[in-house]
Amino acid sequence: MHWHQKTVEDAIGELNTSLLGLSSQKSQNLLLKYGPNELTEKKKKTLLMMFLDQFKDFMILVLIAAAIISGIIGDAVDTIAIIVIVALNAIIGFVQEYRAEKAMAMLRKMAAQYALVIRDGNPANIPSSQLVPGDVVILEAGMIVPADMRLIETMQLKVEEAALTGESLPVEKHTKPLHDEHLSIGDLKNMAYKGTIVSYGRGKGVVVATGMATELGKIATMLQEEEEVRTPLQKRLAAFGRKLAVAVLAICAIVFGVGILRGEEPLLMLLTAISLAVAAIPEALPAVITISLALGASKMVRQNALIRKLPAVETLGSVTYICSDKTGTLTLNKMTVEEVYANGKVLTIKELEPGMTKDLFTALAVSNDAEEDATGKVIGDPTEIALYVIAKSNGFDKKALEQALPRVAEIPFDSDRKCMTTFHRGRDGKVVSFTKGAIDVLLDKSANISTDEGLMAVDAGEIQQVNERMSADGLRVLGIAMRNWEALPADMSPEQVEAGLTLLGLVGMMDPPREEAGEAVRLCKTAGIKPVMITGDHPLTATTIAKRLGILEQDSRAVITGRELDQLSLEEFEERVENIRVYARVAPEQKLKIVKALQDKGQFVAMTGDGVNDAPALKRADIGVAMGVTGTDVSKEASHMVLLDDNFATIVKAVKEGRRIFDNIRKFIKYTMTSNSGEIWTIFLAPFLGLPIPLLPIHILWINLVTDGLPGLALAAERAEKGVMERPPRYPKESIFANGLGVHIIWVGLLMGAISLFTQVWSLKTGHAHWQTMVFTVLCLSQMGHVLAIRSERESIFTQGFFSNKPLVGAFLLTLALQMATIYVPFLNPIFKTEPLTFSELTLTLVLSSIVFIAVEIEKLIKRQRVG
């Protein structure tokens, strides 16, 4: 039912109430019918269930199985390490899910506790939960509107609806019916909504919806129904875990079977197969991911991006669309005068000369309610501030001018007249009035226009042309006029005093784009990310800003209004959604439709928002970005990331960091899986070559614990690759092994296995008794050479510099020292089944170990030459 289209009488009649409100008995009956005026929550998970849910991930289950097996074979260190990693992962996941549940609590906090209603013909203060449709509510400044209502009486009533609509200015309300059926909430000026705040005046309204039927209730429903989308990394790791588990089981079964057929001792083969299974599982992976994300998050805070949900750090690297609010994010959220029309010319700010527009600047300064506070900050209406600033910057200071022209009377602005007038008495006792308002209104009220040559007749056609040109450039145009009086007029009616005016000029204002936003948009495009502007503003203003920032080219089909969007079916919208760059006059609830349409087309979406209405879209988006300065608590709680400076450029910096983090996680997978691959090939191929088992279970577990651990974690500190923002986003459904990662794991693993087996064959043939220690050392140090070579996908380590990742250098030296200790510290020899190597044996192992490093550097050289 469209209450805004009904007259006050029709609305009261349909609700079966009266201006004297409901009787107590009738309200009780209606309360039983409609239920309390409260936001209800669906049944929540218990804290225990929330914690246990963290262990459902397939990769985590594989790790738990590895921990149990390690415990059975007596490897307590590995078991403890895995348990600590899994527990840490679960705690972080639990804390984040618990925090996400708070969005609903924040929404409930917005509701008013009490309401002033008319019951049985008398005013009564009742708990707002007892309101029912048909109740007549009294509204006064400072009150929170307790339910959705059709206004039936207004006295200069203004309501702050920023939380619901994102509109920063209070909305002036009236009681007249609105005939247009399809209007956004911000345009329904005869309605007041639950959770908004009365900022000025007073009024009465008849309740039309309570509880979950209110606009706030609809948001609560969407917030609870909207599932969070799993991040790309979570999807990739789940698939990776399943494939890995199958591969590990198959390889272990083959190794065990072949060993038994060759007559090896069954217990030794069982322990070898189990050790291989544990070694093949990268148990450090969750720890590396968590540490990478946490380091990334702490770095982002320094760049004004607060990460609320850790996986969001990596998701940023996959983003294909950034849908951003205009006001405050792409623009400064500060109205600024851009052009002035005076003396028959349109002048930019730089072309202004105060002498030629003295009366105009005087009017801008004194006919103004903006004030400077003690700190020098200008406070007041954004339009008034813009006029105050331009006047002062041209030498017309309000305080100084008010000494000569104090204000003695005024006729405030109202939406019917579309103008306001102030009266000022000069030192000669005469009075001057200044009127400012919509230019079409002032043209009818003006008798002449002020020019260099004196007063001239108004050329309405020329003025309208200038007005249309300024408006087409996205400027908000205000006309300024004046009139001289011998004394303050006795009849202060607007019809009498706002007539016979002298037009002084036109002022064109806009909220200008942020300087850094243009560069950020260019960077987005270079990175293959499509920036999209979403605003509740006029299409002309939106188009102008979008063109100035480079978001919009010349394609007019790339602009759509909220009304046009409403008339498109989801199928029709999905056909166009990937080509739309500007959404104008869009209601915040339409953002959810935009997010879903883009996600249905396989895109990864970052969506900004600050109002309560934005919360469902922020929750549904792959990256929900709330505003730290202007954002509501509800939007912040529903988001993945909070911009502490409300700046679009900060999102782009965060995307760069997300790409770096995913690259480093990928490097760890490349490193650890290649290492595991090398161990598997060594043990798997040895029996087929008629060789004894090259490594004992203790060797496998040592390599797994030491070489996988510290150097792998140090890769998280690697800097961003060159050109990280000059490549397109990763294809959302791309495998973690894409772009040659899987091939690299196989061929380098095979190379490691081949070098290890060559060491074994050569040692046995030449009669070296320490062959097993040599194989153990070659495999361990080959992995060290590999970790140095894979620090970059293409760049040589000699270009990067050996010491540009200090944690990795430390991990490398520590691992090398520990490996040497297993060989040369006497009491460790029986534990690790090793023997001290001679100088020539150690030299040979070091030479053989460097082959992998050289081979991978050659692979990168080939890649660079292909690109070059």
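Guide: Helices α29 and α34 are roughly antiparallel to each other, in a model that is predicted.

Visitor: At what angle do helix α29 and helix α34 pack, and how far apart are their axes?

Guide: Two packed helices are described by the angle between their axes and the distance between the axes. Here, α29 spans residues 741–765 and α34 spans residues 839–867; the angle is about 160° and the axes lie 11 Å apart. Angles over 145 degrees count as roughly antiparallel, which is why this pair is described in that way. The crossing of α29 and α34 is right-handed.

Visitor: Which residues of α29 meet α34?

Guide: From α29 come His744, Trp747, Val748, Leu751, Met752, Ile755, Phe758, Thr759 and Trp762. Their partners in α34 are Leu844, Leu848, Ile851, Val852, Ala855, Val856 and Glu859. By class, this contact holds 13 nonpolar, two polar and one charged residues.

Visitor: How many cavities of 30 Å³ or more does the structure hold?

Guide: Rolling a probe the size of a water molecule over the atoms shows where empty space is left. The structure holds one cavity of 30 Å³ or more, and the largest cavity contains about 40 Å³ of space.

Visitor: Which residues line the largest cavity?

Guide: The lining consists of Ala370, Glu371, Glu372, Tyr388, Lys398, Lys399 and Glu402. Both β12 (371–372) and α16 (398–404) give two or more residues to this lining, and α16 gives the most, with three. The lining divides into two nonpolar, no polar and five charged residues.

Methods: Residues numbered from 1 in each chain as written. Predicted model: local features only at pLDDT ≥ 70, side-chain atom pairs only at ≥ 80, totals over all residues. Heavy atoms only, no water. Axes fitted to C-alpha atoms, helices over the stretch in contact; angles between N-to-C directions. Helix = DSSP H or I, 4+ residues; strand = E, 2+ residues; numbered from the N terminus. Parallel < 35°, antiparallel > 145°, perpendicular 65-115°, else oblique. Left-handed = near helix turned anticlockwise from the far one by under 90°. Contact = heavy atoms within 4.5 Å. Nonpolar A, V, L, I, M, F, W, Y, C, P; charged D, E, K, R; others polar. 1 Å grid on protein atoms, 1.4 Å probe; cavity = no way out; pocket = protein on both sides within 12 Å on 5 of 7 lines; lining within 4 Å. Points joined across faces, edges and corners; volume = space filled by probe spheres on them.
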